[in-house]
Amino acid sequence: MKQLFTCIFSFSSILSFPQTKISIDSVSNHKGELVTVCGKVYGTKFLDKPQITFIDLGATYPDAPLTIVILEKDRANFKENPETLYSDKQICVTGVIKEYKGKMEIDVETPKDIIIE
């Protein structure tokens, strides 16, 4: 029982720490961190097979400092097509920054992770 309590307390403590708000220009300095990044959407792309959505934040591909990725399994969580909903908007995204093939990205699972400003 004590181990279960410790595990639950540790998990809830992790969730209670606020994420850091960072500038779009500093994303590469925050790999592996839970952050909030705000910026303009300069491009979106939807791949049909597999169904993946890419949202370029801060500049157009391939110069975007951050790409938001929505995988096929998570697309159903969005009522509207994300590539249409967020196109040319000013948004804030919250998630963990990771590097993929030299580019920074955040994988998003639900619409609550992206806020239109």
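Hi everyone, let's start with a hairpin: four residues link β2 to β3. Strands here are DSSP runs of E, at least two residues long, numbered from the N terminus. Please keep in mind that this is a predicted model, where local features need pLDDT of at least 70, side-chain atom pairs count only at pLDDT 80 or more, and totals for chains, interfaces and linings use all residues. Residues are numbered from 1 along each chain as its sequence is written, and side-chain values use heavy atoms, with hydrogens and water left out.

Now to β3 itself, residues 52-57. Five of its six residues are buried, meaning under 20% relative accessible area with a 1.4 Å probe, protein chains only. Strand β3 runs antiparallel to β2 (residues 34-47), with six bridges between them; two strands pair if DSSP finds at least two bridges.

Which residues lie nearest the centre of the largest pocket? They are F54, Y61, T67, Y100 and E105, out of 18 lining residues. A pocket here is an open set of points on a 1 Å grid over the protein atoms alone, where a 1.4 Å probe fits, with protein on both sides within 12 Å along at least five of seven lines; lining residues have an atom within 4 Å of a point. Strand β6 gives the most to that lining, four residues, while β2, β3, β4, β5 and β6 each supply at least two.

Terms used. Buried means under 20% relative accessible area, exposed over 50%, partly exposed in between (1.4 Å probe, protein chains only).
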